[in-house]
Amino acid sequence: MAEEKKAIRKKIKAAGEMKKFMADYYLELDHASRTGDKKIAWCTSVGPAEILRAMGFLVYFPETHSAMLGATRMAMDLIPHANALGYSPEICSYLTADVGAYVQGITPLTRAYEIESIPRPDVLVFNTNQCRDVQDWFAWYAREFDAPLVGIHTHRGVKDVTASHVASIAKQMEEMIEPLEEVSGHQFDLDELEQVVALSRECSELWKAVLDTASAVPSPLTFFDGTTLMGPAVVGRGTQQAVDFYKVLLAELEERVENSVGAVEGERFRIYWEGMPIWGRLRAHSELFAGLGACVLASTYCNSWIFSAFDAADPFTSMARAYTELFIVRSDEAKEQYIKEMIDFFKIDGIVYHDARTCPNNSNCRYGMPQRLEAETGVPSLTINGDLNDLRCLSDEQTNTNVEAFMEQLEEHR
Ligand code: SF4
């Protein structure tokens, strides 16, 4: 058996600033929800947040809230309450945990920030680029709050993103302006959108630079760090505060690289994580891998908030392209090409695929991809069965045994 030692993981100092960023973000939303001083738009995690910010909305992302339900392990008790409303245990456990929490009058924001309830939406805006579940999720709340629902319908399984894909999404984005003006009472101003897109692009570049530091040997960063450090890139893109935070974080990581400080002491194996995090096991998995000398250092998931196509000079077209070029939107052929590039760039020894029971959209191991990639690259892989939020789908014992055996395989493969 691979020898598991006490995990030595180096803490990121900037995590304290990140916590403050998230606290300020939720407290501002809570204040607006209680006083009505600002309009609130709900947005999917890779929805058109820039348009909403440019029109003066505060933007709330239910997926981030549901990830908190997962991380705090509240989700399992709440999912059955959404099941009772007709939302299957087999569909997105972000959706079911979040709706279950709402009907039970519970939120992890209370413990974290003394906030009693999630912010009330004035409008809900989705993009189906990630899945159809977000549309159903937002539609449930639109009925509950009697608030307007606006959506973008994106092509899925796209191999090459063409001009016609981009044109159709850009048109849908432009058509959102009128209904959003009606809700916000704020006339759309192209200059404001350009400024927000410029800030989003800067945030995206900094976030990419942060993630790219993991190509150093040893890696200064783990995937598990990244899943929480990405908070400002998800909820704060388009703001100066998010840009400021990532400058501080990047400087810390660059210093680590300069001094050859690894996030995992004695890094022996470099692992790529493909799929959703298992939020309720972040710490356990971080310790498990680190204890075996393995640094899980890069992932498709954290990379999903890199939007390199954003261009302030052409906001609608560039947003349409950026939100359609995402990994989750693409065909297996395009995804495999992407993973091969990641294997080379991050000097990967092995890939862990997370087969998330309730998210087929982020589970890329069900149609032979691991086998095809392994045959082409020679890089071994392991599939873990689990879920993002529903820990009933996970066997800890089996995961630990499989990960240990995988490390032995990697050792032999050297
Ligand atoms: S991509 Fe998966 S986890 Fe995210 S909202 Fe859709 S079904 Fe849920």
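Modeller: Helices are DSSP runs of H or I with at least four residues, strands are runs of E with at least two, and both are numbered from the N terminus. The model is predicted: local features need pLDDT of at least 70, side-chain atom pairs count only at pLDDT 80 or more, and totals for chains, interfaces and linings use all residues. Residue numbers start from 1 along each chain as its sequence is written.

Colleague: In which helix is V103 found?
Modeller: The helix in question covers residues 93-104. V103 is found in helix 5.

Colleague: Is V103 buried, exposed or partly exposed?
Modeller: Buried needs 20 or more other C-beta atoms within 10 Å of the residue's own, exposed 12 or fewer, and partly exposed lies in between, with C-beta atoms placed from the backbone. V103 has 13 C-beta neighbours inside 10 Å, so V103 is partly exposed.

Colleague: How far apart in space are V103 and V196?
Modeller: In sequence, 93 residues separate V103 and V196. C-alpha to C-alpha, the distance in space is 35 Å.

Colleague: How is helix 4 oriented against helix 5?
Modeller: Helix 4 (residues 75-83) packs on helix 5 at about 85°, with the axes 7 Å apart. Axes are fitted to C-alpha atoms over the stretch in contact, and angles run from 0 to 180 degrees between N-to-C directions. Angles under 35 degrees are roughly parallel, over 145 roughly antiparallel, 65 to 115 roughly perpendicular, the rest oblique. That makes helix 4, relative to helix 5, roughly perpendicular.

Colleague: Which residues of helix 5 make the contact with helix 4?
Modeller: Contact means C-beta atoms, placed from the backbone, within 7 Å. Helix 4 contributes A75, L78, I79, P80, H81, A82 and N83. Helix 5 answers with S93, T96, A97, V99, G100, A101, V103 and Q104.

Colleague: How many charged residues has this contact of helix 4 with helix 5?
Modeller: Asp, Glu, Lys and Arg count as charged; Ala, Val, Leu, Ile, Met, Phe, Trp, Tyr, Cys and Pro as nonpolar; the others, Gly among them, as polar. The contact of helix 4 with helix 5 has nine nonpolar and six polar residues. Its charged count is no residues.

Colleague: Which residues of helix 5 meet helix 3?
Modeller: Helix 3 (residues 62-71) and helix 5 pack at about 85°, with axes 9 Å apart. That makes helix 3 roughly perpendicular to helix 5. P62, E63, H65, S66, L69 and G70 of helix 3 face a set in helix 5: Y94, A97, D98 and A101.

Colleague: Which residues of helix 12 meet helix 9?
Modeller: On the helix 9 side are L199, E202, C203, L206, W207, A209 and V210. Their partners in helix 12 are Q240, A242, V243, Y246, K247, L249, L250 and L253.

Colleague: What covers the buried residues of helix 15?
Modeller: Nine of the ten residues of helix 15 (residues 315-324) are buried, so the rest of the structure largely encloses it. The buried ones are P315, F316, S318, M319, A320, R321, A322, Y323 and T324. The cover includes helix 2 (49-54), strand 3 (123-127), helix 8 (163-184) and helix 9.

Colleague: Which residues does Y353 touch?
Modeller: Y353 is found in strand 7 (residues 350-356). Y353 is buried, with 21 other C-beta atoms within 10 Å. Leaving out residues up to four places away in sequence, Y353 touches E274, G275, N364, C365, P370, S381 and T383.

Technical notes. Contact = placed C-beta atoms within 7 Å.
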